[in-house]
2 protein chains.
Amino acid sequence: MDYTLIFGHKNPDTDAICSALAYADLKKRLGFQTKAVRLGEVSKETQFALDTFSIQPPELAAEKLAKNQDVILVDHNEHSQSIDSLEEGNILEVIDHHRISNFSSEQPVYFRTEPVGCTATILYKIYKEHGLEPDAAIAGLMLSAIISDTLLFKSPTSTEADHITASELSKLATVDMEAYGMELLKAGAGTENLDPTD
Amino acid sequence: MDYTLIFGHKNPDTDAICSALAYADLKKRLGFQTKAVRLGEVSKETQFALDTFSIQPPELAAEKLAKNQDVILVDHNEHSQSIDSLEEGNILEVIDHHRISNFSSEQPVYFRTEPVGCTATILYKIYKEHGLEPDAAIAGLMLSAIISDTLLFKSPTSTEADHITASELSKLATVDMEAYGMELLKAGAGTENLDPTD
Ligand SMILES: [Mn+2]
Ligand SMILES: [Mn+2]
Ligand SMILES: [Mn+2]
Ligand SMILES: [Mn+2]
């Protein structure tokens, strides 16, 4: 098992799943052996995004981390939100947009948090820093993560960077951002709660 | 006092001083009000670098941080290595290359550590991410920081990224990296300890 596992937090939301898939894609393109996994069930909203862009969900992670397993955390940095026995593994990187909660590392690591509305916004920046662009399907997943975390830019955590990034991703994914965004959020809300006229 | 203070750790080494000056330069060019300060005396080695590139040292910081003062930490992330009463201030960013030691933030922040030999190596990447380049004097200071932290690439913490970055910086600074590097390290060692024949 010489690949690095990449995962978001427990009770994964769309960002936790899609940012793991996107970062695994980028790392593979950069020559690293990586595998996205998830720490819980795929939500209806996330499944809608995966179906729209024809991407399989990540595998469910094993319950406990193997000793010395290399890992990359996305969309979280708190141990309590992460895989059980995280301390057995070796954290190589953290990419996140949440407050930092008592984080320590034994060695220097690549740790990057930015005060934006979604991890995928940071990942898009990292793609560009490497002179790369996500393909249409991965761009669609990253767009879905931003729409989900910012509630289509209506959340107080949404920033200009999220909006600009989402616009660029919607072009790469060739979807209409507003129309797709409403569909995605509706898929998450569950059809039974929706007014059939809107 | 509506500018952001940028500083390295107590007992500042050349990276702590020069990375504060370099990042203050970059932030100013990006439109932010910033001021580099230092948390201790300028070493002989650092003074040699400042003299070579005709840059004034940063001011000594006040003993205690003013309430709600915005700050950016470079070359450290541990509170114990930072300014007294750091908790009174508002940490906007951290750029560092050390292990992370129990770091917490109340809000999401821009926090970036990378496993390289010197903070200046990360800062050069950030200049480039903004499509910018340090001028000759700032490049000279950043080069000095890398030479100092990596002991001219002989330290076990030195990485390929440090070496490549230093080469590029030496061109911008128009100095010979090896010759200048030996002079810098000698200035730090103190002349009394040096063999006059080497
Ligand atoms: Mn999340
Ligand atoms: Mn998120
Ligand atoms: Mn230092
Ligand atoms: Mn340093």
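Predicted model: local features only at pLDDT ≥ 70, side-chain atom pairs only at ≥ 80, totals over all residues.
Residues are numbered from 1 along each chain as its sequence is written, and chains are lettered from A and ligands numbered from 1 in the order in which they are written.

**The metal site of chain B**

- B:Asp13 sits in the loop between strand 1 (4-7) and helix 1 of chain B, and B:Asp75 in the loop between strand 4 (70-74) and strand 5 (90-96), so the pair ties together parts that are 62 residues apart in sequence; helices (H or I, at least four residues) and strands (E, at least two) are DSSP runs, numbered from the N terminus.
- B:Asp75 is buried, with a relative accessible area of 0%, whereas B:Asp13 counts as partly exposed at 26%; buried means under 20% relative accessible area, exposed over 50%, and partly exposed in between (1.4 Å probe, protein chains only).

**The metal sites of chain A**

- A:His9, in the loop between strand 1 (4-7) and helix 1, and A:Asp75, in the loop between strand 4 (70-74) and strand 5 (90-96), link distant parts of chain A, 66 residues apart, and both residues are buried.
- The manganese ion (ligand 2) is coordinated by A:Asp15 (OD), A:Asp75 (OD), A:His97 (NE2) and A:Asp149 (OD), at 2.1 to 2.2 Å, with the spacing D-x59-D-x21-H-x51-D.
- A:Asp15 belongs to helix 1 (residues 14-29) and A:Asp149 to helix 4 (residues 136-150) of chain A, so this pair ties together parts that are 134 residues apart in sequence.
- A:Asp15 is buried at 0% relative accessibility, and A:Asp149 is buried as well, at 17%.
- The manganese ion (ligand 1) and the manganese ion (ligand 2) are 3.5 Å apart, and A:Asp75 coordinates both.
- A:Asp13, found in the loop between strand 1 and helix 1 of chain A, is partly exposed, with a relative accessible area of 26%.
- Leaving aside neighbours within four places in sequence, A:Asp13 is in contact (heavy atoms within 4.5 Å) with A:Thr46, A:Asp75 and A:Asp149.

**Helix 2 of chain B**

- In helix 2 (residues 44-52) of chain B, the buried residues are B:Glu45, B:Thr46, B:Ala49 and B:Leu50.
- Seen down the helix axis, these buried residues fall within an arc of 135 degrees, so they line one face of the helix; the arc is that of the directions from the helix axis to the C-beta atoms.
- B:Lys44 and B:Asp51 are exposed on the other side of the helix, while helix 1 (14-29), helix 4 (136-150) and helix 6 (177-189) of chain B are among the parts that cover the buried residues.
- Just after this helix, B:Ser54 takes a positive phi of about 55 degrees.

**Nonpolar cores**

- The largest nonpolar core has 43 residues, of which A:Tyr23, A:Ile95, A:Leu141 and A:Met142 touch the most other members; such a core is a set of buried Ala, Val, Leu, Ile, Met, Phe, Trp, Tyr and Cys residues joined through side-chain atoms within 4.5 Å.
- A second, separate core of 42 residues includes B:Ala49, B:Leu152, B:Leu169 and B:Ala173.
- Leaving aside neighbours within four places in sequence, A:Leu141 is in contact with A:Cys18, A:Leu21, A:Ala49, A:Leu50, A:Phe53 and A:Ile55.

**The largest pocket**

- The largest pocket is lined by 42 residues, of which A:Leu92, A:Glu93, A:Val109, A:Tyr110 and B:Pro115 lie nearest its centre.
- Helix 1, strand 5 and helix 3 of chain A, together with helix 3 (119-129) and helix 5 (160-173) of chain B, each give two or more residues to the lining of this pocket.
- On a 1 Å grid over the protein atoms alone, a pocket is an open set of points where a 1.4 Å probe fits, with protein on both sides within 12 Å along at least five of seven lines, and lining residues have an atom within 4 Å of a point.

Definitions and conventions: Heavy atoms only, no water. Donors = N, O, S within 2.8 Å, 3.2 Å for Na, K, Ca; no water.
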